[in-house]
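Trainee: Hello! Could you show me how to read a few features of a protein model?

Mentor: Gladly; let's look at it together.

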Amino acid sequence: MVPNGIVNKKYLLDILVFSLMLLVLTVSELAITELFSAFFVTLNILSASLINALILLLLYAFPLWFFIFQPFLARSRNESSLQKSSLVRLFLETLAAIFLTEFLVMFLLGMLLPGLDPKTRGLLDAGLVLLIFSLIFLRIFLHPEIRKQRALLVDSLSTPLKLYGLLLLMIFLADLFESQILFIFSPTLGLLGKEFLDAFLCTLVVAPLMWLVLMRPLKRLALAEKSFCDALQGQVIDAIITFDQQGVIRSANPAAERIFGYLSDELLGRPAEILLQDGQQVLDKLVHDTKMFNNGNSHQVSREIAGRHLDGSVIHLDVSVSRVYLDDDERFLLILRDVGARKRIDEALRSSEERFRIVANSGNEGIWDCDLVTKSLFYTPRFAEMLGYQPDELAHVFGVLEDLLHPDDHDRIMKEVSNHLIYRTPLESESRLRNRSGNYLWFGMRGQAVWDSSGKPIRLAGAISDITSRKEAEQALQDSALRLRQIFEQIEDAVFFMKLGTSSIIDLNPAVMELFGYTREELLANGLQLCCHPYYLARTSKGISDLRPGKTLSLDNITCVRKDGSEIITSVRGKIMDLQGVGIVYCSFRDVTARIRMEEEARLIQAKLIQANKMTTLGLLVSGVAHEINNPNNYILTNTQLLSRVWEDAVKLLREYQKENGEFNLGGLPFSEIASISPKIFADIVDGTRRIDEIISNLKSFARQEMKSLDAEVDVNRVVATAVSILHHEIVKYTENFKLELSENIRPVIGSSQQLGQVMINLISNACQALPDRQRSIRVTTGFDAKAGQVTILVRDEGIGMSPDICGRIMEPFFTTKLDKGGTGLGLSICQSIIKEHNGFLEFASEPGKGTTVVVKIPAAKTAEKEFPFEKSG
């Protein structure tokens, strides 16, 4: 709520609207009475009252909505639909009240005071309407939904009450005064003159009163409010910043300049995110949280965030965000306080406390301090914790240390303490102390005595540190050396210990002798040259000699020679290790002969898989290219057919033109020639596009991904025809004599059409590539062997043929006679695998210089014999 003595300019404007609406209503009433008085005389009092009320309602509805209800509805955009409907209902109730009030006032005046002259009746009517509607408008401004928006009624009542009364009286007296003036001058003025005089006198009377009663107080109060707000923003130590819904800064106080290093003018119009370390993300979070908790009233969200100074440094800030409305404009108010100094003080305090705890606990050491005069003992919590006790669970007497000593260490430690106190020898020793559970742990102990002026020891302080882990590590090291030797003797790999910087053998394990077959003495005397193949000896020796700390040696496929002369393939690994303080080279030889052979076999299998993957990828590529070609080909086909029909109509006109004007040229050719060849041109284009469409359809069918299923019925004729269609370009490239003979009434086979298509493409491609020139022929036929129940496919070429040796190896994987042309040797091998999966087989017959014949035989499906007519082509 606005404080007493400070009137918000927005709310004063609402009061002014309240007064103006009354003035508009009164003027409207007088105008209607004056303009329609002659018409109302001709009507009875009931009809005149109804029409007068209806005209006033229609005239007043728009300003009432525009100046009062629409602004409040705009301010209530975040309210529920129920609250908004309440305002709409209030608007409708107000219109009904205006209609009924005007009707009843005019009707009752006509019935009760029939003798009044029209002007007096009009003035009385206006006065009564003004009085009644001041109450109606007051009800509007007291409505809960309107009152909740900006607290309009409370703020309007914060102005002097006489302002409210004087405004009402001003309107009434002004209207009354100008009516009397018009009455005096009416005999001499026409209608238009009366209207101008009416407006002039109303302005002349109302303007001074408006200035004295309303504008001057408002101006003074507004200036006072601005001065107060400016002083308040200038003196606070917090930065006060407002920004709009787009995050743009609209105002900033001097404290913002001091905190962020910007001038106020530099901040205005810039995004508020520049002041935050995490930028827009934090700003959005603040705005979101503010809106989430806002139920129509301003709500403040507070938290600690990181800001950003002009120089880029980080500022620690406490920030609160509120949502405010300024002239129906939603804005957000940021109040930011620099808490950097406080953070530094807190941090310094925490650091001081942390240092104290570190000193008190002395890291991993337990501090003790003994008063030798009183025999009292002080120890830190860490001292008790290291021995498993709670703080102050041990007695605070010096004798407790003596009681905790291990019996075997007691006399030695007590003698060292005595020598330190008497002879001032250094007190630093190792001993075992008993912990709370009764176990003995190793501790390192240091101490220092303080002597008085007479040389008498009065104080002894020191610290103990747990060295159990070190002692255990020393023991573990000894055990490790023993275990290392055992592992060295039992490890399956052949291991050499070699002198650092050379390949001289220092030691070797039994696995070396087992792997290479030599005795220990033979290997130590002759070194690696005894077992390493001469070709690999220099490389292996150099690798071992050049090995440096932190590096590892890794040599694969090193051939070694056993004593019996057999060769083995080994994997050599080496690194430098410390053995009892001496650097040596640890070098192992592992027999990988069996693994290498298995890898070679795996590579063969992998090559097959790679080839299959290439075929899959090729299929996807072909499918994509076919799709891209199909669309423009359809455009060509459609447009060509349209142009053909257009040309047919155009030719008729052109022939008429030729008859009248003689021969003429089109595109550089005579019209008569164009007319004769144009049908063929269009037909060729259409035929070509359909051919392209057929090829595309076959490519898409061939490239389509399908589940690996071999239980579908396959039309062999269609598979062969599709393969020929796909390879049409390849076939035309290699031969002028290609014959395709598809037998009718072939029964289907069970399998995969796509896999069988791959076989046919491979066989036809091989046939094409075997032809030495284009005059040689290729023949592809299909048939059905009813006796054997098999469908046969024959591919015969007049190519260069193959020798019996080559013909016997063509089914071997990776065997190829076309390595220089990119052949992989997997095509026929894959074809054979596919045909075997279909329970069929391939037969080859070839003669050098005459050609090759390949026959595919696949069992026919066990179904009733059907006819599968297919167009023959050659």
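Mentor: Let's start with a cut-off: buried means under 20% relative accessible area, exposed means over 50%, and partly exposed lies in between. Keep in mind that this is a predicted model.

Trainee: Where is leucine 113, and why does leucine 113 count as partly exposed?

Mentor: Leucine 113 sits in the loop between H4 and H5. Its relative accessibility is 38%, so leucine 113 counts as partly exposed.

Trainee: Which residues make the nonpolar surface patch?

Mentor: Leu113 is one of them, and others include Leu100, Met111, Leu124 and Ile132. The patch covers about 890 Å². Helix H4 (81-112) and helix H5 (118-142) are the elements that give two or more residues to the patch, and H4 gives the most, with five.

Trainee: Now a helix. Which residues of H12 are buried?

Mentor: Val282, Leu283, Leu286, Val287, Asp289 and Thr290 are. Down the axis of H12, these buried residues fall within an arc of 165°, so they line one face of the helix. The face turned away from that buried side carries exposed Gln281 and Met292.

Trainee: Which residues does isoleucine 636 contact, leaving aside its neighbours within four places in sequence?

Mentor: Isoleucine 636, in helix H21 (residues 593-661), is in contact with Ile685 and Thr689. At 43% relative accessibility, isoleucine 636 counts as partly exposed.

Note on methods:
Residues numbered from 1 in each chain as written. Predicted model: local features only at pLDDT ≥ 70, side-chain atom pairs only at ≥ 80, totals over all residues. Heavy atoms only, no water. Buried < 20%, exposed > 50% of the residue type's maximum accessible area, 1.4 Å probe, protein only. Helix = DSSP H or I, 4+ residues; strand = E, 2+ residues; numbered from the N terminus. Arc of directions from axis to C-beta. Contact = heavy atoms within 4.5 Å. Patch = residues over 30% accessible without salt bridge, like charges linked within 9 Å, V, L, I, M, F, W, Y side chains within 5 Å. Areas by Shrake-Rupley, 256 points an atom, 1.4 Å probe, with all protein chains shown as cover. Salt bridge = Lys/Arg side-chain N within 4 Å of Asp/Glu carboxyl O.
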